[in-house]
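Please look over the sequence and the model before starting.

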Amino acid sequence: HPGVKLEYYVQVTDNDQVPQPKSARTSTFIFKYPDPSEVQKSIEETSQQVQSQMKSSLTKAEELKKSLEQNEDKTKLKKELSYQDKKALQVLAEKKKALQEDLEAMKKMNEQLTQQQERFSPQNEKLVEKREQLQKMMDQLLDDETKKLYEELEKLLQQKQPNPAQIQPLLDKLNNKEENLQKELDRLLEMFKQLQVEQKLDNALQKLDDLAKKQEDLANKTG
């Protein structure tokens with residue numbers, strides 16, 4: 001039953017008969033069957049964390065896109081880069097790394113949420129499908145092509161005098177990549193919100209169904 005505690009230990013005894021068999025036992029372990037209200041609270045907290053992480057990632061993606069546009073505009077007008085120009089472009093690469101870490105954290109949090117929901121919530125096939133689709137979309141946010149473009153940018157910036165003509169097309173490609181990422185994150189956030197609403201509704205319907213069955217059982221026993 002939910003909330004019930006089970007205490008257990010393991011004891012072993014050897015076969016020595018002289019002077020008598022010797023026993024050893026472990027410490028006592030406690031297993032508590034999770035209470036549904038505690039489980040639901042934990043799921044909702046994880047869900048809020050995922051949503052908050054998504055919003056944070058989206059904000060960082062918007063800031064990165066804005067910085068990229070500004071740097072792209074500046075580079076167009078230059079024949080050579082100053083120390084400040086190089087520094088600004090290096091900051092871009094650092095911002096991207098921070099965003100990548102955020103996206104990784106978001107992905108792990110969502111995996112944890114999915115595990116909790118699959119373990120403790122009755123399985124609705126449509127919701128399972130949507131959760132899998134959401135996770136797949138998160139995996140695709142971390143694409144190797146964008147990573148390689150940023151690595152290429154960092155290599156060019158290590159040169160004593162980087163050529164703006166080489167950097168310019170790179171920034172243009174990155175700009176397009178970040179624009180797509182921003183759109184995908186926006187779409188992901190809306191999908192996630194919708195999925196959580198559907199999950200809550202499904203849980204509520206399941207509770208009503210369970211209640212109806214209990215009342216039916218009670219009526220059959222007393223009838």
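**Exercise 1.** In this predicted model, determine how helix 2 and helix 4 are oriented to each other, and which residues make their contact.

*Solution.* Begin with the geometry: helix 2 (residues 83–120) packs against helix 4 (residues 144–157) at an angle of about 150°, and their axes are 10 Å apart. Because angles over 145 degrees count as roughly antiparallel, helix 2 is roughly antiparallel to helix 4. Next, the handedness of the crossing of helix 2 and helix 4 is left-handed. Turning to the residues, helix 2 contributes Lys 86, Leu 89, Gln 90, Leu 92, Ala 93, Lys 96 and Lys 97, while helix 4 contributes Thr 146, Tyr 150, Leu 153, Glu 154 and Leu 157. Sorted by class, the contact of helix 2 with helix 4 comprises 6 nonpolar, 2 polar and 4 charged residues.

**Exercise 2.** Describe the packing of helix 1 with helix 2, from the angle to the classes of residue in the contact.

*Solution.* The axes of helix 1 and helix 2 lie 9 Å apart, and the angle between them is about 160°; the two helices are therefore roughly antiparallel to each other. Their crossing is left-handed. The contact of helix 1 with helix 2 has 17 nonpolar, 13 polar and 4 charged residues.

**Exercise 3.** Carry out the corresponding analysis for helix 1 and helix 5.

*Solution.* Helix 1 (residues 36–76) and helix 5 have axes that come within 9 Å and cross at roughly 160°, which means that helix 1 is roughly antiparallel to helix 5. The crossing in which helix 1 passes helix 5 is left-handed. In the contact of helix 1 with helix 5 there are 14 nonpolar, 11 polar and 13 charged residues.

**Exercise 4.** Check the span of helix 5 against its number of residues, and identify the residue that caps its N-terminal end.

*Solution.* Helix 5 (residues 164–222) has 59 residues, so at 1.5 Å a residue it should span 87 Å. The end C-alpha atoms of helix 5 are 85 Å apart, which agrees with that expectation. As for the cap, Asn 163 caps the N-terminal end of helix 5, with a side-chain oxygen 3.0 Å from the backbone nitrogen of Ala 165.

Definitions and conventions: Residues numbered from 1 in each chain as written. Predicted model: local features only at pLDDT ≥ 70, side-chain atom pairs only at ≥ 80, totals over all residues. Heavy atoms only, no water. Axes fitted to C-alpha atoms, helices over the stretch in contact; angles between N-to-C directions. Helix = DSSP H or I, 4+ residues; strand = E, 2+ residues; numbered from the N terminus. Parallel < 35°, antiparallel > 145°, perpendicular 65-115°, else oblique. Left-handed = near helix turned anticlockwise from the far one by under 90°. Contact = heavy atoms within 4.5 Å. Nonpolar A, V, L, I, M, F, W, Y, C, P; charged D, E, K, R; others polar. Expected span 1.5 Å × (residues − 1). Polar contact = N/O pair within 3.5 Å; in protein donor to acceptor, adjacent residues only side chain to side chain.
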